[in-house]
Amino acid sequence: MDAIRHEVWINADRPTVFAALTTTAGLDAWWGRAVRAEPAVGSVTEFDHGLGAPLRMRVTDLVPDQRLEWRCLSAFTEPGNPASEWLGHRLVFALATVRRGDVGPLLAPLITGARATVLRFEHAGWTRAARWYPFCNTAWGHALGTDLRTYCETDAAPSP
């Protein structure tokens, strides 16, 4: 199995980023219409992305301000839907703090204050022949690197 991986540096503290990943208001601001979200293991986070049925993710691991893991529960049968390949996939959001003084001159400009949050994301469960792997890789890069980062750094949802 293959995985999509991204690392995004966000100029906000870990509680701010964690709230954006685990609350209805936070998820709604950067990843589309969130219908329900509760930061608790076993809960189901639900989105209405206009797919005809909700996109549902079970929270399988959660450490406040450090880690969130989802398992996709939705089985979409429309092959033109990128989420049609997600059933059973594991999505992990891991947060760490990086201090400006701990990085070299190449990375220091990525940190506007004394510290930043590093989000390490993994979307695992892809087969090598998956039709939607390249599209989802690009989409996750934009959603995390632009939309989530903008929301956390400015407390404003990105323009549609």
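User: First up, is Arg128 buried or exposed?
Analyst: Arg128 counts as exposed, because its relative accessibility is 75%. The cut-offs: buried is under 20% relative accessible area, exposed is over 50%, and partly exposed is in between (1.4 Å probe, protein chains only). Bear in mind that this is a predicted model: local features need pLDDT of at least 70, side-chain atom pairs count only at pLDDT 80 or more, and totals for chains, interfaces and linings use all residues. Residues are numbered from 1 along each chain as its sequence is written, and side-chain values use heavy atoms, with hydrogens and water left out.

User: What does the side chain of Arg128 meet in a salt bridge?
Analyst: Asp2, at 3.5 Å, N to O. A salt bridge here is a side-chain nitrogen of Lys or Arg within 4 Å of a carboxyl oxygen of Asp or Glu.

User: Where do Asp2 and Arg128 sit in the chain?
Analyst: Asp2 is in strand E1 (residues 2–10). Arg128 is in the loop between strand E7 (115–126) and helix H3 (133–154). The two are 126 residues apart, so the pair links distant parts of the chain. Helices (H or I, at least four residues) and strands (E, at least two) are DSSP runs, numbered from the N terminus.

User: How many salt bridges in total?
Analyst: The count is 8.

User: Which side chains does Arg67 pair with?
Analyst: Asp61, at 2.5 Å, N to O. Glu69 also meets Arg67, at 2.8 Å.

User: Switching topic. What is the order of the elements?
Analyst: From the N terminus it runs β-α-α-β-β-β-β-β-β-α. That comes to 3 helices and 7 strands.

User: What about the radius of gyration?
Analyst: The chain has 16 Å. A compact globule of 160 residues would have a value near 15 Å, so the two agree. The radius is taken over C-alpha atoms, and the globule rule is 2.2 Å times the number of residues to the power 0.38. Along the principal axes, the C-alpha atoms fill a box of roughly 50 × 30 × 30 Å.

User: And how much of the chain is buried?
Analyst: Of the 160 residues, 41% count as buried.
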